[in-house]
Amino acid sequence: MYNRGLLIFNAFTVYKSMSDMIARFKEEFAKFNIAIDWLKNDEVVAYIDENGNAKNNLRGYDFCIYLDKDYFIAKLLEKSGMRVFNKSDAIRVCDDKMLTHVALVNEGIKMPITINYPLRYGDGDDTNFHQRVLSILQFPLIIKECFGSLGEQVYLIKNEEEYWRISAKLRQKPHIYQEFIASSYGHDLRLALVNKKVVAHMYREATNDDFRSNIETGGIGKQIVVPEAFSKMAEKIATILDLDYCGIDLLYGSNDEPIFCEVNSNAYLGPIELYSKVNVGYEYAKHIYNLVYLGKNA
């Protein structure tokens with residue numbers, strides 16, 4: 001008789017990479033006698049009842065792999081007794097780029113200079129804020145929307161004309177201003193971690209003179225020997241954020257020291273498995289099996 005796990009993903013944006021990831025998880029969990037069902041988030045009913053208790057419409061599942069970023073559904077599933085991977089609070093922190101940086105502040109993790117755009121409720125003049133940004137950062141600089149993935153919603157700003165144009169475009173969206181790490185132009189390191197340990201990695205390199213190295217924007221992956229400092233930083237980040245699985249992107253500083261870029265709590269398996277030749281899906285399945293069915297965290 002099979003044990004049962006549930007995989008939840010977003011109903012409104014479905015990439016081929018997500019379909020491939022679902023198939024990979026079904027394949028790897030089957031090795032542990034676990035059947036994986038999947039549902040779109042609009043098929044999940046998670047709510048608060050008239051007595052103030054968390055309820056859901058899911059029955060017979062031992063755990064949930066949550067591949068969406070909808071914090072409220074994940075939190076309500078946990079509140080109603082479901083074991084969720086990754087934890088809802090970890091998903092929430094990783095989804096918001098500024099929140100991720102704030103969570104890592106004062107932890108000895110080198111990051112680009114990062115300035116958050118202030119919360120605003122109307123169309124008031126924000127010139128004072130921008131003057132302060134431009135007194136701290138020099139061109140080129142980076143503007144990022146706080147919510148985005150696949151290397152999108154990230155802008156390399158080379159001059160004032162671009163600065164004011166993109167700033168005006170994003171005025172009503174949460175976004176941040178960052179120091180541009182020129183020494184990592186077009187290349188970085190992606191590390192996959194399971195149970196807060198590095199299990200795979202790939203050096204990513206742009207092939208089209210893009211400052212981003214994401215595979216989705218035309219980058220390619222390579223195998224290299226990872227410096228110990230990069231692995232240690234990635235594992236420290238995963239521990240602070242309490243992540244069961246994640247992809248962590250690190251930039252190369254001017255002296256090849258690691259500089260934190262961002263965390264993806266739902267990193268696709270396809271690219272990292274292709275270039276690293278490591279079965280990351282199996283490692284994640286083993287971790288969940290150990291926790292849920294054997295009661296051990298190893």
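1. A friendly place to start is Lys 196: at 17% relative accessibility, Lys 196 counts as buried, where buried means under 20% relative accessible area, exposed over 50% and partly exposed in between, with a 1.4 Å probe and protein chains only. Lys 196 sits in the loop between β11 and β12 (197–205), and its phi is near 65°, a positive value in a residue other than glycine.

2. Before going on, please keep in mind that this is a predicted model, in which local features need pLDDT of at least 70 and side-chain atom pairs count only at pLDDT 80 or more, while totals for chains, interfaces and linings use all residues. Residues are numbered from 1 along each chain as its sequence is written, and side-chain values use heavy atoms, with hydrogens and water left out. Helices (H or I, at least four residues) and strands (E, at least two) are DSSP runs, numbered from the N terminus.

3. Asn 33 also deserves a look. Its phi is near 65°, again positive in a residue other than glycine, and its place is in the loop between α1 (16–30) and β2. At 34% relative accessibility, Asn 33 counts as partly exposed. As background, most residues other than glycine have a negative phi, and most peptide bonds are trans.

4. Two peptide bonds are worth checking by eye. The bond from Phe 85 to Asn 86 is cis, with omega near -10°, and Asn 86 lies in the loop between β6 and α3. The bond from Phe 139 to Pro 140 is cis as well, with omega near -5°; Pro 140 belongs to the loop between α5 (127–136) and β8 (141–145).

5. Next, an open sheet of five strands, with the order β13-β12-β11-β14-β15 and antiparallel pairing; two strands pair if DSSP finds at least two bridges between them. β13 (220–222) and β15 (258–264) stand at the edges with a single partner strand each, so one side of each has no neighbour in the sheet. On average, neighbouring strands here are turned by 35° against each other, direction ignored. Within this sheet, six bridges join β11 (residues 187–194) to the antiparallel β14 (residues 245–252), and Leu 189 has Leu 250 of β14 as its bridge partner.

6. Another open sheet has four strands in the order β2-β1-β5-β6, and here the pairing is parallel. Its edge strands, β2 (34–40) and β6 (84–85), each pair on one side only. Three bridges join β1 (residues 3–9) to β5 (residues 64–66), and Leu 6 stands opposite Cys 64 in β5.

7. Helix α2 (residues 71–79) packs with helix α3 (residues 88–95) at an angle of about 165°, their axes 9 Å apart. Axes are lines fitted to C-alpha atoms, for helices over the stretch in contact, and angles run from 0 to 180 degrees between N-to-C directions. The two helices are therefore roughly antiparallel, the term for angles over 145 degrees. Tyr 71, Ala 74, Lys 75 and Glu 78 of α2 meet Ser 88, Asp 89 and Arg 92 of α3, contact meaning heavy atoms within 4.5 Å.

8. Finally, Ile 181 is in the loop between β10 (175–179) and β11 and counts as buried at 10% relative accessibility. Leaving aside residues up to four places away in sequence, Ile 181 touches Pro 112, Leu 251, Tyr 252, Gly 253 and Ile 259. Ile 181 and Leu 141 are 40 residues apart in sequence and 8.5 Å apart in space, C-alpha to C-alpha.

Note on methods
Angles under 35 degrees count as roughly parallel, over 145 as roughly antiparallel, 65 to 115 as roughly perpendicular and the rest as oblique.
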